[in-house]
Amino acid sequence: MAGGPHRTKTINETRTMRITKLQTAGVKSPGESTHNLAPVTIITGDNFAGKTARLDALRVGLIGYLPELGKRPGDTFALAADGAMRVALTFDNGDVLERCWRRERGSVKVTSNGKVSVPTVLLDPSEYFALGDKDRVRYVFKLAAAHVE
């Protein structure tokens with residue numbers, strides 16, 4: 001693979017990568033959690049056990065925000081149970097994508113390790129289907145253009 005040791009890789013640059021571990025801290029509840037993920041993982045539990053929190057953490061870890069909340073760091077920080085929130089995804093090749101949010105002087109700061117980047121070509125179905133035909137085409141091309149380097 002071309003590039004130096006600090007080169008950012010995209011997930012589909014070499015092959016499909018699988019998430020093998022999800023680690024969270026402060027996502028919808030205080031405390032930390034670690035989940036080892038199999039090729040097929042089923043999440044079950046009682047109401048308010050954290051099933052949706054884990055799914056939200058996966059989405060936030062991959063794209064950095066939840067489309068239904070908004071793209072700004074403060075929007076995503078609505079998921080935080082405390083003054084900080086962390087999501088780390090470990091892939092089957094050993095790469096780790098970690099994102100952290102913290103409140104600092106009245107605003108929310110986000111840091112990411114930047115070793116893996118995920119294409120932002122994930123669309124928000126509610127936003128997409130609310131558009132007319134021509135605007136849907138523009139929406140998809142706008143997402144695709146965001147991935148072109």
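**Reading the sheet and the salt bridges**

Me: Where do I begin, and which strands form the open sheet?

Reply: Begin with the sheet: five strands make it up, open and with antiparallel pairing, in the order β3-β2-β4-β5-β6. At the edges are β3 and β6 (107–112), each of which pairs on one side only. From one strand to the next, the twist averages 10°, taken from axes that are lines fitted to C-alpha atoms (for helices over the stretch in contact), with angles running from 0 to 180 degrees between N-to-C directions. Keep in mind that this is a predicted model, where local features need pLDDT of at least 70, side-chain atom pairs count only at pLDDT 80 or more, and totals for chains, interfaces and linings use all residues. Residues are numbered from 1 along each chain as its sequence is written, and side-chain values use heavy atoms, leaving out hydrogens and water.

Me: What counts as a strand, and when do two strands pair?

Reply: Strands (E, at least two residues) and helices (H or I, at least four) are DSSP runs numbered from the N terminus. Two strands pair if DSSP finds at least two bridges between them. Here β2 and β3 are antiparallel, with five bridges, and alanine 25 stands opposite glutamate 32 in β3. The two strands form a hairpin with six residues between them, and glycine 26 in the turn has a positive phi of about 75°.

Me: How many bridges join β2 to β4?

Reply: Six bridges link these strands, which also run antiparallel. For one example, find isoleucine 19, whose bridge partner in β4 is phenylalanine 91.

Me: Is threonine 90 buried or exposed?

Reply: Threonine 90, in strand β4 (residues 84–91), counts as buried because its relative accessibility is 15%. Contact means heavy atoms within 4.5 Å. Leaving aside neighbours within four places in sequence, threonine 90 has contacts that include Arg18, Ile19, Thr20 and Val96.

Me: How many salt bridges are there?

Reply: A salt bridge is a side-chain nitrogen of Lys or Arg within 4 Å of a carboxyl oxygen of Asp or Glu. By that rule the count is seven. One of them brings together the side chains of aspartate 56 and lysine 28, at 2.6 Å from N to O. Aspartate 56 is buried, at 8% relative accessibility, whereas lysine 28 is partly exposed at 42%.

Me: Which salt bridge joins aspartate 56 to a residue about one helical turn away?

Reply: That is the one with arginine 59, at 3.6 Å from N to O. Arginine 59 is partly exposed, at 34% relative accessibility.

Me: What about arginine 138 and its salt bridge with aspartate 135?

Reply: Their closest N and O atoms are 2.6 Å apart. These residues are also about one helical turn apart, being three residues from each other in helix α4 (residues 133–147). Arginine 138 is exposed, with a relative accessible area of 52%, while aspartate 135 is partly exposed at 37%. Elsewhere, salt bridges that share partners join Lys28, Asp56, Arg59 and Glu68 into one network.

Note on methods
Buried means under 20% relative accessible area, exposed over 50%, partly exposed in between (1.4 Å probe, protein chains only).
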